[in-house]
Amino acid sequence: MAWSTRELAELAGTSLRAVRHYHDQGLLPEPPRASNGYKHYGVRHLIQLMHIRRLVDLGVPLADIPTLDPSADSYRETLELLASEATAEIDRLVVVRGKIAQLLEEPEAWEMSSGTTGSADGDFLTVLSQVLDEDSLQAWRQMGDSIPDAQVVADFENLPEDASAEVREDVAVRMTEAVRDGLAASPELRDPRFGEDTSRTLGTRSIGEALVELYSPAQLRVLARCHELLSAG
């Protein structure tokens, strides 16, 4: 019995292009040809092609296949390495699945993943998520969510660039009270911790640059005044 190239590919669950590529790479020996010039493949070719496909599916590079001898210790070592790599990939995909689930369940996380949240506070939180450790980040979120004076938050967000000194002072005083209450509940925010891969220098500079880029000069004056009031006690 003899099979054509197309039939061999179908039996092995691969494509004509793959069979030809394996011939070009010297992985699959050329079969004899009939008088009409057509290739005639036998059982030996099918088994060899199935072996090649199995190794390729496991992630073995084509260049390494000719050196793999199932009877040698190196063959087992290669399979153990592939198993280790597969485990690492599974772990990575589990993390990816968790992040996708978070995006689907939490609108805030979805907005942050898009590159901008559309608000200065949301974008600032995105920057914080990259530099603070998880405990400090959660404390920051909790403080923002627990501010009782929603009006002062709105007044700060809508502060016009030409706001008078009196208006800025009013907002700063009310914000200071809100922040003071938040710091009382989360004192660790007085000296937040940065992530393992973020130095204090980079973290502090990144927060400063985010403030300058995301908030207007009037808002920055209010924030600076809040800092003065909090420092004064």
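Predicted model: local features only at pLDDT ≥ 70, side-chain atom pairs only at ≥ 80, totals over all residues.

Reader: How is a pair of aromatic rings described?

Author: A pair of aromatic rings is described by the distance of the centres and the angle of the planes. Rings of Phe, Tyr and Trp (its six-membered ring) pair if their centres lie within 6.5 Å; planes under 30 degrees apart count as stacked, over 60 as edge-to-face and the rest as tilted. The structure holds three aromatic pairs. In one of them, the ring centres of Phe-124 and Tyr-215 are 6.2 Å apart and the planes stand at 70 degrees, so this pair is edge-to-face.

Reader: Which parts of the chain does the pair of Phe-124 and Tyr-215 tie together?

Author: Helices are DSSP runs (H or I, at least four residues), numbered from the N terminus. Phe-124 lies in helix H6 (residues 120–131) and Tyr-215 in the loop between helix H10 (200–214) and H11, so the pair ties together parts that are 91 residues apart in sequence. Tyr-215 also forms an aromatic pair with Phe-156; this pair is tilted, with 5.8 Å centre to centre and 45 degrees between the planes. Because Phe-156 belongs to helix H8 (residues 150–157) and Tyr-215 to the loop between H10 and H11, the parts tied together here are 59 residues apart in sequence. One aromatic cluster is formed by Phe-124, Trp-140, Phe-156 and Tyr-215.

Reader: Are Phe-156 and Tyr-215 buried or exposed?

Author: Buried means under 20% relative accessible area, exposed over 50%, and partly exposed in between (1.4 Å probe, protein chains only). Phe-156 counts as buried because its relative accessibility is 6%. Tyr-215 is likewise buried, at 8% relative accessibility, and Phe-124 is buried too.

Reader: Let us turn to charged side chains. How many salt bridges does the count come to?

Author: A salt bridge is a side-chain nitrogen of Lys or Arg within 4 Å of a carboxyl oxygen of Asp or Glu. By this rule the count is 13 salt bridges. Among them is the one in which the side chains of Asp-133 and Arg-193 meet (3.1 Å, N to O). This pair links distant parts of the chain, 60 residues apart: Asp-133 is in the loop between H6 and helix H7 (134–146), and Arg-193 is in the loop between helix H9 (165–185) and H10. Asp-133 is buried, with a relative accessible area of 17%, whereas Arg-193 is partly exposed at 41%.

Reader: Which helices hold Arg-174 and Asp-155?

Author: The side chains of Arg-174 and Asp-155 meet in a salt bridge (2.7 Å, N to O). Arg-174 lies in helix H9 and Asp-155 in helix H8, so the pair ties together parts that are 19 residues apart in sequence. Arg-174 is partly exposed, with a relative accessible area of 23%, and Asp-155 is partly exposed at 24%.

A further salt bridge joins the side chains of Arg-225 and Glu-169 (3.1 Å, N to O). With Arg-225 in helix H11 and Glu-169 in helix H9, the pair therefore ties together parts that are 56 residues apart in sequence. Arg-225 is partly exposed at 29% relative accessibility, and Glu-169 is partly exposed with a relative accessible area of 29%. Salt bridges that share partners join Asp-133, Asp-135 and Arg-193 into one network.

Reader: With which side chain does the side chain of Arg-53 make a polar contact?

Author: A polar contact is a pair of N or O atoms within 3.5 Å; within protein, one must be able to donate a hydrogen and the other to accept it, and residues adjacent in sequence count only if both atoms are side-chain atoms. The side chain of Arg-53 makes such a contact with that of Tyr-22 (2.8 Å). Arg-53 is found in helix H3 (residues 43–58).

Reader: Finally, where does Ala-232 lie?

Author: Ala-232 lies in helix H11 (residues 217–232). At 69% relative accessibility, Ala-232 counts as exposed.

Methods
Residues numbered from 1 in each chain as written. Heavy atoms only, no water. Helix = DSSP H or I, 4+ residues; strand = E, 2+ residues; numbered from the N terminus.
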